[in-house]
Amino acid sequence: MFVHEETVSGAGSKEIHDAWKIVRPHLIDNEMDATALQLLAAEVGVSISRAEAEEALLDMDSSKNGTVSREEFTSWWTSSGKNNIGRLLTSVINRQSENVKYLPGIKLGDNVVACSSLEATCKDADLLVFVTPHQFVAETCASLKKKGTIKKGAKAISLIKGMEISSDGFNLISGVIQRELPAVDGVSVLMGANIASEIAAGNFSEATIGAYDEEHKEIFSKLFHTSAFHIATSQDVAAVEMCGTLKNIVALAAGFVDGLGFGNNAKAAMMRVGFVEMQTLIMRTFPETNEATFMESCGVADLITTCYGGRNRKCAEAFVKGRGAVSFEDIEEELLGGQKLQGVLTSDEVQELLVSKGWEDDFPLFTTINRIANGKIPPSAIVRYDEQGVGVGELEQRKSSRVKDRLQAYKKGGPTQGFFGEE
């Protein structure tokens, strides 16, 4: 298991300022010693010994006097400090068999070994599981490609939600991984109604694996399926992945409604309309989609779970209650403890697609969500998403006619990744 240092702590000026502010009350003559570093590590969820703290201090103590100034700390933090904190977390996971930062109180098992080296983790591996936030995928793949660590013919599966936007259209994350790592023999996807803490506690869950290849289906089903984690498979890879990506946008609407106190009826309406727009966009861009896929765990079930228990809903509710005084970046830092919020970034990516194709009026809820998230309109506008005259019934009619046309195009050899035919 690779521990990505960027998910442990950031390295921007704000993070440096905040980290120094944490340890300031414990400084000696405005300098940090091993005790202060232990406190800093604790703030990012890592319990380190005195010896480990002293070893880290040696890395940043240019004057070799046993303490560290702010300048020395800043230099260390921006260059290698984030990696060191990552290694400290790795050490704790392997010593305690527990991820004290993200899954405290859950024993991971003796067969889980954490490693802060991407190269060492992936070298000669037969199976690769990608779970990094989607903004780090390109960086991760570039590192693996540069070091040539991927075994030719290795099979990969992605649990990542998101997409890559380009002037030619878009690519799903599974496509990005396959493009950047040609040695990989196919990239499958796993999506579903899966809240990590509940799965870790052993509560029953289910998920959908999308795989074009029967061998992939068999291998990854065997890898993931347990009595408490049921796996269903589908060859509808793009639709499975798109469902997992788009539901995070709808979850923002659910959070806005919760923050406004509009109740369950309004929330159900957001979920229903959001589900329609999810289906419409998926069918428009991937016309070969089997509509039954929307009824799998990756579809309606994941949407329900995310709109009630996911981090995107939680942060969107906090955004409303902050009344514009708190940004999503600040909320992410405060509420998620180092985890990444995907809904806003995905909303921006999807909106870029809608704008470029002139589709905004066809997706009034997605468009309204994006404008609220970017501070262009107030959160209360969420229930006025269709005031421009494009209602769900209209969307259904458009969808029905388009599906027939697109399926005919597909049968004649149309594309299967990010369809961008003329309207």
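Tutor: Angles under 35 degrees count as roughly parallel, over 145 as roughly antiparallel, 65 to 115 as roughly perpendicular and the rest as oblique. This is a predicted model: local features need pLDDT of at least 70 and side-chain atom pairs pLDDT 80 or more, while totals for chains, interfaces and linings use all residues. Residues are numbered from 1 along each chain as its sequence is written, and side-chain values use heavy atoms, leaving out hydrogens and water.

Student: Why are α10 and α12 called roughly parallel?

Tutor: Their axes, lines fitted to C-alpha atoms over the stretch in contact, with angles from 0 to 180 degrees between N-to-C directions, cross at roughly 30 degrees and come within 9 Å. The angle is under 35 degrees, so α10 and α12 are roughly parallel to each other.

Student: What makes the contact between these helices?

Tutor: Contact means heavy atoms within 4.5 Å. α10 contributes Val240, Cys243, Gly244, Lys247, Asn248, Val250, Ala251 and Ala254, and α12 contributes Cys298, Gly299, Asp302, Leu303, Thr306 and Cys307. Helices here are DSSP runs of H or I with at least four residues, strands runs of E with at least two, numbered from the N terminus; the protein has 17 helices and seven strands.

Student: Why is serine 174 called buried?

Tutor: Buried means under 20% relative accessible area, exposed over 50%, partly exposed in between (1.4 Å probe, protein chains only). Serine 174 has 9%, so it is buried. It sits in helix α7, residues 173-180, and touches Val187, Val189 and Glu241, leaving aside residues up to four places away in sequence.

Student: Is aspartate 124 buried or exposed, and how do you know?

Tutor: Its relative accessible area is 51%, so aspartate 124 is exposed. The residue lies in the loop between α5 and β1 (127-130), and its phi is near 65 degrees, a positive value in a residue other than glycine.

Student: And serine 97, buried or exposed?

Tutor: At 16%, serine 97 falls under the limit and is therefore buried. Serine 97 also has a positive phi, near 55 degrees, and lies in the loop between α4 (70-96) and α5 (118-122). Most residues other than glycine have a negative phi.

Student: Which residues touch the most other members of the largest nonpolar core?

Tutor: A nonpolar core is a set of buried Ala, Val, Leu, Ile, Met, Phe, Trp, Tyr and Cys residues joined through side-chain atoms within 4.5 Å. The largest has 47 residues, and Met242, Leu246, Phe256, Leu281, Phe366 and Ile382 touch the most other members. The largest share, 13 residues, comes from α10. Leucine 246 touches Met278, Leu281, Ile282, Val350 and Phe366, again not counting residues up to four places away in sequence. Apart from this core lies another, of 18 residues, including Ala125, Leu144, Val176 and Val184.

Student: What makes alanine 316 count as buried?

Tutor: Its relative accessible area is 0%, so alanine 316 is buried. It is found in helix α13.
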